[in-house]
Amino acid sequence: QVQLVESGGGLVQPGGSLRLSCAASGIMFRLFAMGWYRQAPGKQRELVADITSGGFTNYANSVKGRFTISRDNAKNTVYLQMNSLKAEDTANYYCTVLSTRYWGQGTQVTVSS
């Protein structure tokens, strides 16, 4: 059974940082591309960043230069380092195994003073 468990969300002030983690089990993690999506209230879910099995990365324009996606295949974990956070980054963040139906339960990120 595939499980994706996100952690690391919370409340942070504008300009602050958070690191999200997503621990995967039940899959050959190193073989799969992974992604982080987010969904704010009243908005569609959108891709934030993704990383291929070989470590190539892709970012939404809105987070380029501020967010970094990475993976540790030994720990079956994908990370999202978020710096210079803005109010508009407030959303529920989800990790997914790209091109599959597998999603985590989400972790809430709130950027507010």
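Mentor: Let's start with Arg38, whose bridge partner in S5 is Glu46. Strands here are DSSP runs of E with at least two residues, numbered from the N terminus. Strand S4 (residues 34-39) and strand S5 (residues 46-51) run antiparallel, with five bridges between them; two strands pair if DSSP finds at least two bridges between them. Before going on, keep in mind that this is a predicted model: local features need pLDDT of at least 70 and side-chain atom pairs count only at pLDDT 80 or more, while totals for chains, interfaces and linings use all residues. Residues are numbered from 1 along each chain as its sequence is written, and side-chain values use heavy atoms, with hydrogens and water left out.

Arg38 also stands opposite Tyr93 in S9. S4 and S9 are antiparallel and joined by six bridges. As a reminder, strands of a sheet pair through backbone hydrogen bonds, either parallel or antiparallel. S9 in turn pairs with S10, again antiparallel, through three bridges, and there Ala91 stands opposite Val109.

Now back to the side chain of Arg38. It makes a polar contact with the side chain of Asp89 at 2.9 Å (N or O atoms within 3.5 Å, where one must be able to donate a hydrogen and the other to accept it, and residues adjacent in sequence count only if both atoms are side-chain atoms). Asp89 has another partner too: its side chain and that of Arg66 are joined by a polar contact of 2.7 Å. Asp89 is found in the loop between S8 and S9, and at 0% relative accessibility it counts as buried (under 20% relative accessible area is buried, over 50% is exposed and in between is partly exposed, using a 1.4 Å probe and protein chains only). Ser84 is in that loop between S8 and S9 as well. Ser84 isn't a glycine, yet its phi is positive, at about 50°, and with a relative accessible area of 41% it is partly exposed.

What about S9 itself? Seven of its seven residues are buried, so S9 is largely enclosed by the rest of the structure. One of them is Cys95, which is buried along with Cys22, and a disulfide joins these two, S to S 1.9 Å (the cut-off for two cysteine sulfur atoms is within 2.5 Å). Cys22 lies in strand S3 and Cys95 in strand S9 (residues 91-97), so the bond ties together parts that are 73 residues apart in sequence.

S3 takes you to the other sheet, an open antiparallel one of four strands in the order S1-S3-S8-S7. Strand S1 (3-7) and strand S7 (67-72) are its edges, and its neighbouring strands are turned by 15° against each other on average, direction ignored. Within it, strand S3 (residues 18-25) and strand S8 (residues 77-82) pair antiparallel over six bridges, with Arg19 opposite Gln81.

Finally, return to S4 for Tyr37. Tyr37 and Trp103 form an edge-to-face aromatic pair, with 5.1 Å between centres and 65° between planes (centres within 6.5 Å, using the six-membered ring of Trp; planes under 30 degrees apart are stacked, over 60 edge-to-face and the rest tilted). The pair spans 66 residues, from Tyr37 in strand S4 to Trp103 in the loop between S9 and S10. Both are partly exposed, Tyr37 at 22% and Trp103 at 35%. Trp103 also has the charged end of Arg45 over its ring, 4.7 Å from the centre (CZ of Arg or NZ of Lys within 6 Å of the ring centre and within 35 degrees of the ring normal). Ser99 is in the loop between S9 and strand S10 (107-111); its phi is positive, near 65°, and at 83% relative accessibility it counts as exposed.

Key:
Axes are lines fitted to C-alpha atoms, for helices over the stretch in contact, and angles run from 0 to 180 degrees between N-to-C directions.
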